[in-house]
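Look at the structure below with salt bridges and strand pairing in mind. The notes that follow are grouped by topic.

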Amino acid sequence: MVRPRAGLVPSLALSAVLLSASVPTAGAADGLGDPVFPSLGNAGYQALGYDLAFDYRAGSRTVDGTAVVTVRPDRALARLELDALGLTVRAVRVDGRPAEFAAHDEKLTVTPARPFLPGGVTRLTVEYTADPRAPLPHTGWVPTPDGFAVAGQPNSAHTVFPCNDHPSDKARFTIAVTAPDGLLGVANGELAATERHGDGRTTRRYVSREPMATELVQVSVGDYTVRERTGPHGLRLRDVVPTARAAELEPALALTPGQLAWAEAHLGPFPFETYGILPVNTDDPAAFAFTGLETQTLTLYKPNFLRQPEPAIGSHMMHELVHSWFGNSVSPARWSDLWLNEGHADFYGLAYRYERGWPDAWGYTTLVDRMRYLYGLGDQWRHDSGPVASPTAADLFDSQRYTGGALVLFALREKVGAETFDRIERTFLRTYRYGNATTEDYVRTASAVSGQDLRGFLDDWLYGLRTPPMPGHPDWVVGPVGRLGAAPGVSAPGARVREGGAAVAGGPGVARGSGTL
């Protein structure tokens with residue numbers, strides 16, 4: 001457990017202000033009313049772009065940051081709020097003019113001399129300092145011995161930079177990372193410029209071609225080496241590897257081109273300009289509680305996980321790769337739509353496993369056998385974690401969103417047939433490419449493509465309190481409720497499948513993909 005810093009009172013004017021972790025947050029601030037995180041995000045404007053700069057100070061191990069946020073208000077606003085926590089803000093400017101600012105809860109309120117007007121484009125500049133090691137109630141920072149990485153999912157990107165921290169407000173990103181010459185600064189997207197300052201520091205600027213949700217931002221500094229290779233259709237692949245471990249991790253990294261070819265055969269062309277893996281430069285088991293995280297174009301991993309043989313890691317690597325389509329290109333409109341990300345990633349990760357002939361942890365060798373086993377747990381999971389598409393903040397990352405979501409997709413495929421299911425998937429990805437989608441959007445797409453009204457069928461699977469009959473398998477039986485821990489290696493009641501950097505209270509953490517794939 002980490003404790004918030006107490007007794008830090010933010011200034012209400014232009015002096016330095018600390019966004020204190022000691023202020024209660026639950027329900028205390030206005031937000032977008034997300035069903036899982038009601039106070040997350042901010043109404044009244046759209047974020048169009050972020051121009052971020054991170055300057056890592058090796059002596060103090062702190063980061064000096066500048067965030068230039070371009071916004072378009074949708075109505076007249078006397079003030080505007082950004083999500084922010086744990087940032088020592090030094091100055092705020094609106095279109096180049098100093099503005100008043102104040103912190104409350106996990107918000108930074110910006111009050112310019114003149115109101116924000118609807119329809120116009122405004123640039124907010126926030127200068128701040130952050131300590132990646134600071135104790136906060138939740139954090140997107142991953143401190144390492146020689147720098148840091150970032151894991152903002154689901155609600156912690158605003159501990160790294162001030163933002164409209166909700167996946168529904170995707171934006172363009174450019175990220176500049178300054179680091180001592182002995183270290184390498186990296187971020188999402190492609191390297192656009194390198195500037196050597198002549199004082200022992202170098203700045204590298206990265207540009208993401210497509211819009212990105214704040215929770216998918218990756219920034220890292222450390223003793224890294226870049227390994228480049230070519231993927232399908234000439235796709236540029238970039239892995240960022242701890243220099244001392246480049247050789248031992250190469251067998252795992254070399255798997256990516258083949259995995260991409262398999263994924264493209266099922267989901268269509270890879271949606272971004274590049275892809276790669278970042279095995280973060282730490283073996284500290286406390287650094288983060290998940291195994292991999294699909295930060296856009298550069299997936300974060302625990303390095304020791306990737307030292308295992310291909311059958312032990314291949315399905316999980318496919319899970320993270322599939323997020324490039326489900327989660328990154330098509331992002332959830334609400335956090336209650338998380339099953340669209342995780343259910344699809346698990347479904348294709350499992351399909352890849354069994355196609356390659358790798359038995360799972362229970363000895364199953366086919367998707368049908370594994371789904372039959374999971375079907376038997378259906379009512380127990382609905383009892384413990386709610387319906388698949390109705391999570392709470394406490395059970396957001398339970399297995400119900402992962403293999404529970406995969407079970408829903410399997411049921412849909414059994415209902416409409418494999419060929420129609422594939423057309424549903426590709427149509428959905430094409431329709432909502434680089435945007436956001438809801439569960440209702442997926443249901444509408446499935447109905448339109450199949451020529452059937454699937455609303456009742458999918459509503460029962462996604463929101464019902466009891467597990468519906470499995471199409472084509474009348475002999476499948478749902479087990480009784482009350483068998484705690486019935487699935488070895490799968491989350492018991494109250495356990496969490498850890499996905500992102502924010503700690504989720506209640507129950508032991510299960511490394512993402514471990515015990516499910």
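Glu250 is partly exposed, with a relative accessible area of 27% (buried means under 20%, exposed over 50%, partly exposed in between, with a 1.4 Å probe and protein chains only). Glu250 forms a salt bridge with Arg229, and their closest N and O atoms are 2.9 Å apart. Arg229 lies in strand S17 and Glu250 in helix H1 (residues 246-253), so the pair ties together parts that are 21 residues apart in sequence. Arg229 counts as buried at 18% relative accessibility.

This is a predicted model, in which local features need pLDDT of at least 70, side-chain atom pairs count only at pLDDT 80 or more, and totals for chains, interfaces and linings use all residues. Residues are numbered from 1 along each chain as its sequence is written, and side-chain values use heavy atoms, with hydrogens and water left out.

**Salt bridges**

- A salt bridge is a side-chain nitrogen of Lys or Arg within 4 Å of a carboxyl oxygen of Asp or Glu, and the structure holds 26 of them.
- Arg334 and Asp337 form a salt bridge at 2.8 Å, N to O.
- Arg334 is partly exposed at 25%, whereas Asp337 is buried at 0%.
- Salt bridges with shared partners join Asp55, Arg57, Asp64, Arg90, Asp199 and Arg201 into one network.

**Strands S17 and S18**

- Helices (H or I, at least four residues) and strands (E, at least two) are DSSP runs, numbered from the N terminus.
- Strands S17 (residues 224-230) and S18 (residues 236-242) pair in the antiparallel sense over seven bridges; pairing requires that DSSP finds at least two bridges between two strands.
- Val226 stands opposite Val240 in S18.
- The hairpin of S17 and S18 has five residues between the strands, and His233 takes a positive phi near 60° in this hairpin.
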